[in-house]
Amino acid sequence: MPAIFACLSKKYVLGAATAGLNKFPLLQSFTNSSKINYSKFHGSMSLSAMSKPILYSYWRSSCSWRVRIALNLKEIPYDIKPISLIKSGGEQHCNEYREVNPMEQVPALQIDGHTLIESVSIMYYLEETRPQRPLMPQDVLKRAKVREICEVIASGVQPLQNLIVLIHVGEEKKKEWAQHWITRGFRAIEKLLSTSAGKFCVGDEITLADCCLVPQVFNARRFHVDLRPYPIILRIDRELEGHPAFRAAHPSNQPDCPPEAAK
């Protein structure tokens with residue numbers, strides 16, 4: 001695979017997990033102090049396989065955002081390779097990137113000598129190979145509830161307001177379309193949370209469900225969805241908005257965020 005793709009941005013953004021972390025001393029300390037021995041999970045690995053993961057990401061992609069949150073929560077240093085979804089018709093459609101992700105979408109994660117696609121699959125891989133800072137509960141029912149919320153968002157809501165769908169729907173109708181499907185999904189999520197939530201989506205510990213929820217709330221606000229009917233969703237979002245791992249993963253803190261969009 002070419003080290004640098006002609007049709008993509010010409011350099012990696014190094015240390016993306018620590019980008020802007022001077023603002024977040026707690027997360028800065030994560031990267032300074034984390035000394036996890038991954039060899040016991042992977043056996044003997046080559047140096048290239050154990051190199052820092054590379055996340056192919058777009059600053060406003062909620063799917064990329066989920067993975068950034070999970071990487072940060074698990075204190076896994078990583079580099080970002082920005083993939084613009086709009087520049088030159090979308091860098092995700094060029095031949096070189098298609099070799100990375102045949103679906104021509106973000107994210108993709110190069111880790112442990114492998115390339116993984118699909119955000120939820122990536123997060124499960126991180127959970128299974130880096131279990132020290134768990135993002136899934138031990139309780140079997142609670143684990144099912146986490147997967148339930150992840151799937152509602154990742155399969156039942158976000159794909160219906162994804163960029164490729166909105167282009168097909170057309171500029172005139174895209175806001176109404178996105179509002180309809182986000183509202184439908186949030187009604188279901190609010191009901192699920194009414195029986196599963198504690199401080200966070202499932203109980204009082206942060207899980208993969210929270211990694212999925214926060215970016216989707218951002219999408220809802222972007223399309224001016226009325227969030228007043230969803231008090232549990234709003235409470236959890238407020239609880240997490242100041243968490244260092246979530247703040248560092250926010251679109252406004254990404255290296256490819258346009259200056260005019262940064263907070």
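**Exercise 1. How are helix 3 and helix 5 oriented to each other: roughly parallel or roughly antiparallel?**

*Solution.* Keep in mind that this is a predicted model.

Step 1. Locate the two elements: helix 3 covers residues 62-73 and helix 5 covers residues 119-129.

Step 2. Take the geometry. Their axes lie 9 Å apart, and the packing angle is about 10°.

Step 3. Apply the cut-off: angles under 35 degrees count as roughly parallel. Helix 3 and helix 5 are therefore roughly parallel to each other.

Step 4. See who makes the contact. Helix 3 brings Cys 63, Arg 66, Val 67, Ala 70 and Leu 71, while helix 5 brings Ser 119, Val 120, Ile 122, Met 123 and Leu 126.

Step 5. Sort these residues by class: 8 are nonpolar, 1 is polar and 1 is charged.

**Exercise 2. Describe the largest pocket and say which helix gives the most to its lining.**

Step 1. The volume of the largest pocket is about 810 Å³.

Step 2. Its lining counts 38 residues, and those closest to the centre are Leu 85, Gln 158, Asn 162, Leu 163 and Ile 164.

Step 3. Two or more lining residues come from each of helix 3, helix 5, helix 6 (140-156), helix 7 (163-169) and helix 9 (208-222). Helix 7 gives the most, with 4 residues.

Step 4. By class, the lining holds 15 nonpolar, 15 polar and 8 charged residues.

**Exercise 3. Find the backbone features to check in the loop between helix 4 and strand 3.**

*Solution.* Most residues other than glycine have a negative phi, and most peptide bonds are trans.

Step 1. Look at the bond from Val 106 to Pro 107. This peptide bond is cis, with omega about 5°.

Step 2. Turn to Glu 104, which is found in that loop too. Its phi is positive, near 55°, and the residue is not a glycine.

**Exercise 4. Decide which stretches with pLDDT under 50 call for caution.**

Step 1. The average pLDDT of the chain is 86, and 81% of the residues score at least 70.

Step 2. Residues 14-27 stay under 50, and the model has 29 contacts for them beyond four places in sequence.

Step 3. Residues 29-45 also stay under 50, with 22 such contacts.

Step 4. Draw the lesson: where pLDDT is low, predicted coordinates should not be read in detail.

Methods: Residues numbered from 1 in each chain as written. Predicted model: local features only at pLDDT ≥ 70, side-chain atom pairs only at ≥ 80, totals over all residues. Heavy atoms only, no water. pLDDT = per-residue confidence, 0-100. Contact = heavy atoms within 4.5 Å. Axes fitted to C-alpha atoms, helices over the stretch in contact; angles between N-to-C directions. Parallel < 35°, antiparallel > 145°, perpendicular 65-115°, else oblique. Nonpolar A, V, L, I, M, F, W, Y, C, P; charged D, E, K, R; others polar. 1 Å grid on protein atoms, 1.4 Å probe; cavity = no way out; pocket = protein on both sides within 12 Å on 5 of 7 lines; lining within 4 Å. Points joined across faces, edges and corners; volume = space filled by probe spheres on them.
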